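Subject: Structure handover

Hello,

Here is the structure you asked for, with its sequence. Please open it first, then read the notes below.

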Amino acid sequence: MDITLQGLTKVFTDNKKGKGGQVTAVDHFDFAIPSGKLIGLLGPSGCGKSTALHLISGLHTPTEGRIFFGDEDVTSLPAEKRGVGVVFQHYALYPHLTVMENILFPLENLEGKDRLPKDEMVKRAKNVARMVQLDALLGRRPKELSGGQQQRVAIARALVKHPKVLLMDEPLSNLDARLRLQTREEIRRIQRKAGVTTIFVTHDQEEAMSISDEIVVMKEGKIQQIAPPQTVYDNPANLFVAQFLGTPPINVFRGRVQEGKLMLGGDAVGMLPLQKDGDVIVGIRPEGVIPDAAGPLLGRMDECKSMGREEHVYFTHEAVTGDRVHALVEDPGSLPKAGEVRFSIKPGKMYLFDAQTHQRLYWEIK
Ligand code: ADP
Ligand code: MG
């Protein structure tokens, strides 16, 4: 089932902020999700991710805009009629029910023509239990399961009604680091197998990168970029996206265009044919900073730390914002321990942004 959002907007009136205080939690969302894809909705806390999900599930009514499932306009359809499965961070299984009974619960609650015969319910519950690999644990109660297993029960419970759309709101936040990694692979596998169109909300860029077909990056209710994970990383649309994705984060410099040269402080790091002079913001990914005695970027060595396969090199530079430049270096070779150091910049790892709007400038750097 494909999903289309048209001008989807939610404005909350915030009473705490006094009369008329308003928050636009979701601001004119326009995008289409192809059937069977997993979309990662990514952004910092408070940017409107949960609100967007609640609009799609039917828990909130939009202030403006429309939601389509396939050709059907579901904007004013009540939540229970939309055919969505929802998994929250706090998935609240029924503690007194077994795994099987927890999974069956949504089916037991169906009424009228939607109600299935008992043997059909059991068959369906067993099928989804097998899909999430819980078939050996059907008789256990939630407290006899690990966190990851409990989360899989919640996913099975969301899938058992054969939803057209699966919505997951930070479903891994309650799990420890190792289990998060494992469970996100599981979710990906289950989602592919079920072929259900899924929106996965997270504030964790690495999680979004690893699980999504496409990422929707949000800030303050507004979409910043929609693209496959690698594209969002390699081709950020603006400074916010460039800074939100990537560990360690991108290095940001105050740059200047002067007579066709791109200057970082006193260092000419590239040529920009035909651009007019003025300030720009320059982002350089840590893996794009390469030790090179003949390179244009002149810094002062601060620290070198070995972390597994890579060396983390830190150096100061007059034009960097923040304390120092962070470089990820495969071969630190003959880098001095202190004093002046030179680096070159890998093409494709340096981006220019407008100094005022912070939008990407697609100028060719030579
Ligand atoms: P996220 O899930 O990305 O952390 P939310 O969608 O929960 O963000 O919140 C987005 C914004 O909307 C926040 O400023 C939040 O305070 C506000 N908000 C969310 N729900 C309500 C509500 N029911 N009433 C008023 N304001 C709300
Ligand atoms: Mg939220």
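Salt bridges come first. The count is 17, where a salt bridge is a side-chain nitrogen of Lys or Arg within 4 Å of a carboxyl oxygen of Asp or Glu. This is a predicted model: local features need pLDDT of at least 70, side-chain atom pairs count only at pLDDT 80 or more, and totals for chains, interfaces and linings use all residues. Residues are numbered from 1 along each chain as its sequence is written, chains are lettered from A and ligands numbered from 1 in the order in which they are written, and side-chain values use heavy atoms, with hydrogens and water left out.

Start with Glu303 and Arg324. Their side chains form a salt bridge at 2.9 Å, N to O. Glu303 sits in strand S16 (residues 297–307) and Arg324 in the loop between strand S17 (310–316) and strand S18 (325–329), so the pair ties together parts that are 21 residues apart in sequence. Helices (H or I, at least four residues) and strands (E, at least two) are DSSP runs, numbered from the N terminus. A network of salt bridges links Asp302, Glu303, Lys305 and Arg324.

Now check Arg184 and Glu185. They meet in a salt bridge of 3.9 Å, N to O. Buried means under 20% relative accessible area, exposed over 50%, and partly exposed in between (1.4 Å probe, protein chains only). Glu185 is partly exposed at 47%.

Glu108 and Arg115 make another salt bridge, at 3.7 Å, N to O. Glu108 is partly exposed at 31% relative accessibility. Arg115 is partly exposed too, at 39%.

Next, the inside. The largest nonpolar core has 37 residues. Such a core is a set of buried Ala, Val, Leu, Ile, Met, Phe, Trp, Tyr and Cys residues joined through side-chain atoms within 4.5 Å. Ile103, Ile155 and Leu159 have the most contacts inside this core. Its largest share, 6 residues, comes from H4. Leu159 touches Val128, Met131, Leu166, Ile190, Ala194 and Val196, leaving aside residues up to four places away in sequence. A contact here means heavy atoms within 4.5 Å. A second, separate core has 26 residues, among them Val269 and Leu352. In soluble globular proteins, nonpolar side chains tend to be buried together.

What about disulfides? The count is 0, with a disulfide taken as a pair of cysteine sulfur atoms within 2.5 Å. Cys47 is buried, with a relative accessible area of 3%. Cys304 is partly exposed at 38%.

Last, the backbone. Most residues other than glycine have a negative phi, and most peptide bonds are trans. Which residues does a cis peptide bond join? Thr247 and Pro248, with omega about -10 degrees. Pro248 is in the loop between helix H8 (239–244) and strand S11 (251–258). Glu259 is not a glycine, yet has a positive phi of about 50 degrees. Glu259 lies in the loop between S11 and strand S12 (261–264) and is exposed at 66% relative accessibility. His358 is not a glycine either, and its phi is positive, about 65 degrees. His358 lies in the loop between strand S20 (350–354) and strand S21 (360–361).

Best wishes
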